[in-house]
Amino acid sequence: MAFELRKYLSEEKGFNLMLGFIIRPPHQLLSLLSCPGLRIPRFSVLCAPPRLRTMAASSSFSELPLVAVCQVTSTPDKEQNFKTCAELIREAARLGACLAFLPEAFDFIARDPEETRRLSEPLSGNLLEEYTQLARECGLWLSLGGFHERGQDWEQTQKIYNCHVILNNMGSVVATYRKTHLCDVEIPGQGPMRESNSTIPGPSLESPISTPAGKIGLAICYDMRFPELSLALVQAGAEILTYPSAFGSVTGPAHWEVLLRARAIETQCYVVAAAQCGRHHEKRASYGHSMVVDPWGTVVARCSEGPGLCLARIDLNYLQQLRKQLPVFQHRRPDLYGNLGHPLS
């Protein structure tokens, strides 16, 4: 089913309408996507319900920063995984995005801990260098949502970190966050997960990083189940929370969207969640449904089934308006229940 892609005409009527594009894989894309009024097959458009503006009008829709959320099916084949991600990143750049988000384990998803350790690399390795060159080539900021990192303690521990890396458009590493909550769970019908068999929990949170889309607070997948983390990030200045993930086929339908919308509502942040999808190998599959949620809790963009990307505009004026209209952080009572999510130092 196709919809006509239009310019943001509703701004003249006093509404703040967030528009998200659900896009199939790049080989199905047409270079004329950005032309207003063009009717294009194989695309669908997700429009959030209009929200009446009660304060000064925010920026023209076309001037708002555009972010791309990539959905992939990683396998143990690192070279093929890079080709898939690079294709999506180049398409995001062609469509005018300033920042592209990749999911957890964008580099690979192994069959077992031994394979995970064997395929892992340090941040100074060849794979991150390829992404550094890609960021420079495309002039695009990249959120590399979960890199299997051999840290400085690799020789002693023989375990890796699940590392979220931010590259700027010059290819420089500007932030790293190592996943602090490891997923050691047993879900009936989904199989046991023992992330700690091959991974060390990170020692600290990372202060939000300024990007062309806004200040981003870094987290990874299972971290979304711990609201203390998101509250700490927003108190440190985060405007966008990002949860690159590889959710399972049982927890995904039950908890994925609910948790993401809850984190957006309670922090009054945008939430960007790039996800793994489909079957990675005979031992593992992921839920997919990558999405962007606005500070009101509305899903403003989401990926359809299979690898691809979705696009969303980030309206920080709207975020600030909402925080003024609903000042929940001014109304907190730490004298009664403590300060959940202490601000970062």
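1. Helices (DSSP runs of H or I, at least four residues) and strands (runs of E, at least two) are numbered from the N terminus. The model discussed here is predicted: local features need pLDDT of at least 70, side-chain atom pairs count only at pLDDT 80 or more, and totals for chains, interfaces and linings use all residues. Residues are numbered from 1 along each chain as its sequence is written, and side-chain values use heavy atoms, with hydrogens and water left out.

2. Overall composition. The chain has eight helices and 20 strands. Of its 345 residues, 54% are buried (under 20% relative accessible area; exposed is over 50% and partly exposed in between, with a 1.4 Å probe and protein chains only). Contact means heavy atoms within 4.5 Å. Among contacts between residues at least 6 apart in sequence, 74% join residues at least 24 apart.

3. The loop between β6 and α2. F108 lies in this loop and is buried, its relative accessible area being 0%. Leaving aside residues up to four places away in sequence, F108 touches S74, T75, P76, K78, N81, T116, L119, S120 and H148. A105 counts as buried, at 8% relative accessibility, and has a positive phi near 60° in a residue other than glycine.

4. Six of the six residues of β5 (residues 66-71) are buried. In a regular strand the side chains alternate between the two faces of the sheet. In β5, L66, A68 and C70 point one way while V67, V69 and Q71 point the other, and all are buried. Strands pair if DSSP finds at least two bridges between them. β5 pairs with β20 (residues 308-313) in the antiparallel sense over six bridges, with L309 of β20 as the bridge partner of C70. With β6 (residues 99-102), β5 pairs in the parallel sense over three bridges, and A68 stands opposite A100.

5. Aromatic pairs. Rings of Phe, Tyr and Trp (its six-membered ring) pair if their centres lie within 6.5 Å; planes under 30 degrees apart count as stacked, over 60 as edge-to-face and the rest as tilted. The whole structure holds five such pairs. F82 and Y131 form an edge-to-face pair, with 4.9 Å centre to centre and 85° between the planes. F82 lies in helix α1 (residues 78-94) and Y131 in helix α3 (residues 126-138), so the pair ties together parts that are 49 residues apart in sequence. F82 is buried at a relative accessible area of 15%, and Y131 is buried at 1%. Ring pairs link F82, F106, Y131 and F147 into a cluster.

6. Charges over rings. The criterion is NZ of Lys or CZ of Arg within 6 Å of the ring centre and within 35 degrees of the ring normal. The charged end of R178 sits over the ring of Y161, 5.9 Å from its centre. R332 lies over the face of F329, at 4.6 Å from the ring centre.

7. Helix α5. In α5 (residues 227-235) the buried residues are L229, S230, L231, A232, L233 and V234. These buried residues pack against β9 (173-178), β13 (214-218), β14 (240-242), α6 (251-267) and α7 (316-325). Just after α5, G237 takes a positive phi of about 110°.

8. The hairpin of β16 and β17. Strand β16 (residues 277-281) runs antiparallel to β17 (residues 284-287), and four bridges join them. The hairpin connects the two strands through two residues, and H281 has R284 of β17 as its bridge partner. In the loop between β17 and β18 (291-293) is H289, a residue with a positive phi of about 60° although it is not a glycine.

9. The largest pocket. A pocket is an open set of points on a 1 Å grid over the protein atoms alone where a 1.4 Å probe fits, with protein on both sides within 12 Å along at least five of seven lines; lining residues have an atom within 4 Å of a point. Grid points are joined across faces, edges and corners, and a volume is the space filled by probe spheres set on the points. The largest pocket holds about 950 Å³ of space. Of its 40 lining residues, P192, M193, R194, E195 and R284 are the closest to the centre. At least two lining residues come from each of α2 (113-119), β7 (141-149), β10 (184-187), β11 (191-194), β16 and β17. β11 gives the most, with four residues.
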